[in-house]
Amino acid sequence: MACSLPMPESPTPPRGGVADFLLHRLERALRERARYRYVRPSVLPDGPGYRIESPCCSRNVDANGGVIDIARLQPAADASGLALAHRGQALWQLQARDHAAGCWAEPGPAAPLPELLAQLCADTERVYWP
C-alpha cells in the first residue's frame, strides 16, 4: 500500500450545525460495521474531514490493544481547492492507515459519503479494520 503525500494542513473549521450532523451520521453508520462490533470507535474532526480511531481488537497492529487509526474521510476537491460534487451530492475520499509504513494510504476515488461508509463498514478485504 503506497503512502500518500501529506495533505496540506488546513485549519479545522468551526464545528457546529452541519459538521456536528455529519459526525453523528458517521458514528451511527459505524455501529453497523461487520468487524469488531463490540468496540466503540471514535470519530474525530480532522481538518475539513474526519478521522476514525478504534481499540485494536485483533492485536495485529498493537499487541496491547491500544487505540489505532482506522480511516480518514476528507471532502474531495479539485486542484484549485473547489469541492467536488456529483448529482448534487458532495464527494468524499476515504483513506486507510498503512500501519507498517506509519502513514495514510493514497485516498481512493472520490464518491458520495454513503458509498464510502458502506465500503468502510463492510471491509471485506480488512483494509480498514486490520
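I started at P45 and looked up its bridge partner in β2, which is Y50. The model is predicted, and I keep that in mind throughout.

Next I took the strands themselves. β1 covers residues 42–46 and pairs with β2 in the antiparallel sense, over five bridges. The two strands form a hairpin with two residues between them. In the turn, G47 has a positive phi of about 60°.

Then I went to S42, which sits in strand β1. Is S42 buried, exposed or partly exposed? Its relative accessibility is 30%, so I log S42 as partly exposed, given that buried means under 20% and exposed over 50%. Setting aside neighbours within four places in sequence, I find S42 in contact with R51, I52 and E53. I also checked D69: it lies 27 residues from S42 in sequence, and the C-alpha atoms are 9.6 Å apart.

S42 turned up again in a pocket lining. The second largest pocket is lined by E27, L30, R31, R33, R37, V39, R40, P41 and S42. I noted its volume as about 210 Å³. By class, the lining holds five charged residues, three nonpolar and one polar.

Last, the core. The largest nonpolar core has 26 residues. I52, I70, L73, L120 and Y128 have the most contacts inside it. Elements giving two or more residues to this core are α1 (18–30), β2 (49–55), β3 (67–75), β5 (89–98) and α2 (113–122).

Which residues does L73 contact, leaving aside neighbours within four places in sequence? I list L26, G49, Y50, I52, W92, Q93, L94, L113, L116 and L117.

Conventions. Residues are numbered from 1 along each chain as its sequence is written. This is a predicted model: local features need pLDDT of at least 70, side-chain atom pairs count only at pLDDT 80 or more; totals for chains, interfaces and linings use all residues. Side-chain values use heavy atoms; hydrogens and water are left out. A nonpolar core is a set of buried Ala, Val, Leu, Ile, Met, Phe, Trp, Tyr and Cys residues joined through side-chain atoms within 4.5 Å. Buried means under 20% relative accessible area, exposed over 50%, partly exposed in between (1.4 Å probe, protein chains only). Helices (H or I, at least four residues) and strands (E, at least two) are DSSP runs, numbered from the N terminus. Contact means heavy atoms within 4.5 Å. On a 1 Å grid over the protein atoms alone, a cavity is a set of points where a 1.4 Å probe fits but cannot get out, and a pocket is an open set with protein on both sides within 12 Å along at least five of seven lines; lining residues have an atom within 4 Å of a point. Grid points are joined across faces, edges and corners, and a volume is the space filled by probe spheres set on the points. Ala, Val, Leu, Ile, Met, Phe, Trp, Tyr, Cys and Pro count as nonpolar, Asp, Glu, Lys and Arg as charged, and the others, Gly among them, as polar. Two strands pair if DSSP finds at least two bridges between them.
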